[in-house]
Amino acid sequence: MELLAPAGNIDKLITAVHFGADAVYFSGKRFGLRAFAGNFEDNEIVEAMNYLHARGKKGYITLNIVANDEDFEGLDEYLELLVKAKVDALIVSDLGLVAYIHKKQPSLVIHVSTQANVTNTASAKVFADMGAKRIVLARELSLRQIKAMHAALGDSIELEAFAHGAMCISYSGRCLLSNYMTGRPSNHGACVQACRWRYTIKEEDTNGEYPIEEDERGTYILNSKDMNMISHLKEMKDAGIVSIKIEGRMKSVYYVATVVNAYRRALDSANMQPSQEIIAELEKTSHRNYTTGFFLGAKDKEYIESSMPVQTHEFVAVVVEKKEGGVVLEMRNRFVEGEKLEILSPNPEIFNKKMEIKAMTDANGEAVTDVKGVQQRVYLPTSLPLEVGDILRRECK
């Protein structure tokens, strides 16, 4: 299966490729559902696609807003840019946009977004007849249902599904809480994530005599757990899924590195059965309690969450340059001489190995024992085969 990773900006795109993604999905400054992810200027889209194609990777651009008439303004020029950039596919949810893009630029491959809520074979066939090449399935489907859809569809259209990350509490992400409560339109990329807030509900007819109050689970009654299917990849493939998607264009570089690395190793393991070490990797970056969502036929209430995000490890530094006899590190959290930090790397020789921090120097060759400046850079001598993009981390205290 294709491993598809999020890229909210160019640093995350490079990180996803470094840690083993087969493809990335990202957005320009318009038409995407993550307006605050940083995203890519027009020239950056071209540069990103050149970077990906030079490494045998693919890039998919999101045009997955729920469009109004005014949103079509400037679309023709944008589509021309995407053709010239040789974008591998567009991820689109709006029915009108699907038809419009296919008519205006038939060379552009269309993947139908999960926002289109495709939950049945008939809907998938409609999109296939419109020229779409892939469906990103609604998250409310079970593997049993997906397998039946695949059997009915055959090779007429590819099936993609989310495998990991945050989930919306509303149906496949179509939510109006943000619009109603803050005026920020969720279906135009400006979601405030109101479902993550804390709420109290009171029964009206009894003047609040029976409120739903905080207990040991808290009061996050609209909040969903995070999806985690790393132990069920073989089942996903057997159901006919050709691409597994990681959520997280708003997440950190460290999140992208950790999750992509884990899923890459899981996909490459014997029979797609990851070791406990790899499964535990997903505890090391920020997440809510995990669930398999609807894939295994779970009931809705089983993915309701009640806790804040947690993680066992923190991002300390990233390798930004290789030099003779060592590497240059860029600080993300304070670290000092004598610490032993864990290596996050696609290289199996050094993955999860501990290295002692010693003999650091600055750009002037002066000794450094305490790295505490924001994005401070230091030279670290080491014989370990660290590469640019590798990460150093430590267990949270």
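A residue is termed buried when its relative accessible area is under 20%, exposed when that area is over 50%, and partly exposed in between (1.4 Å probe, protein chains only). The structure described here is a predicted model, in which local features need pLDDT of at least 70 and side-chain atom pairs count only at pLDDT 80 or more, whereas totals for chains, interfaces and linings use all residues. Residues are numbered from 1 along each chain as its sequence is written, and side-chain values use heavy atoms, with hydrogens and water left out.

The protein has ten helices and 20 strands; helices (H or I, at least four residues) and strands (E, at least two) are DSSP runs numbered from the N terminus. Of its 397 residues, 51% are buried. With contact defined as heavy atoms within 4.5 Å, 68% of the contacts between residues at least 6 apart in sequence join residues at least 24 apart.

Helix H6 (residues 143-153) has Leu143, Ile146, Met149 and Leu153 as its buried residues. Seen down the axis of H6, these residues line one face of the helix, because they fall within an arc of 120 degrees, the arc being that of the directions from the helix axis to the C-beta atoms. An α-helix has 3.6 residues a turn, so residues three or four places apart point the same way. Arg144 and Ala151 are exposed on the other side of H6. The packing partners of the buried residues of H6 are helix H5 (121-129), strand E7 (158-166), helix H8 (233-238) and strand E9 (241-246).

A nonpolar core is a set of buried Ala, Val, Leu, Ile, Met, Phe, Trp, Tyr and Cys residues joined through side-chain atoms within 4.5 Å. The largest such core comprises 89 residues, of which Phe26, Ile45, Leu63, Leu90, Met236 and Tyr263 touch the most other members. Helix H9 (residues 253-268) supplies the largest share of this core, ten residues. A second, separate core of 19 residues includes Leu329, Met331, Met355 and Leu386. Leucine 63 lies in strand E3 (residues 58-63) and is buried, with a relative accessible area of 0%. Residues up to four places away in sequence aside, leucine 90 touches Ile61, Leu63, Leu79, Leu82, Ile101, Leu108, Val109, Ile110 and His111.

Strand E20 (residues 391-395) is mostly covered, four of its five residues being buried. Two strands pair if DSSP finds at least two bridges between them. E20 pairs in the antiparallel sense with strand E11 (residues 313-323) over five bridges, and histidine 313 stands opposite glutamate 395 in E20. Strand E14 (residues 340-344) also runs antiparallel to E20, to which three bridges join it; glutamate 342 has arginine 393 of E20 as its bridge partner.

On a 1 Å grid over the protein atoms alone, a pocket is an open set of points where a 1.4 Å probe fits, with protein on both sides within 12 Å along at least five of seven lines, and lining residues have an atom within 4 Å of a point. Grid points are joined across faces, edges and corners, and a volume is the space filled by probe spheres set on the points. The second largest pocket has a volume of about 410 Å³. Its lining consists of 20 residues, among which Asp11, Thr15, Val253, Val318 and Arg332 are the closest to its centre. Helix H1 (10-18), H9 and E11 each give two or more residues to this lining, with H1 giving the most, five residues.
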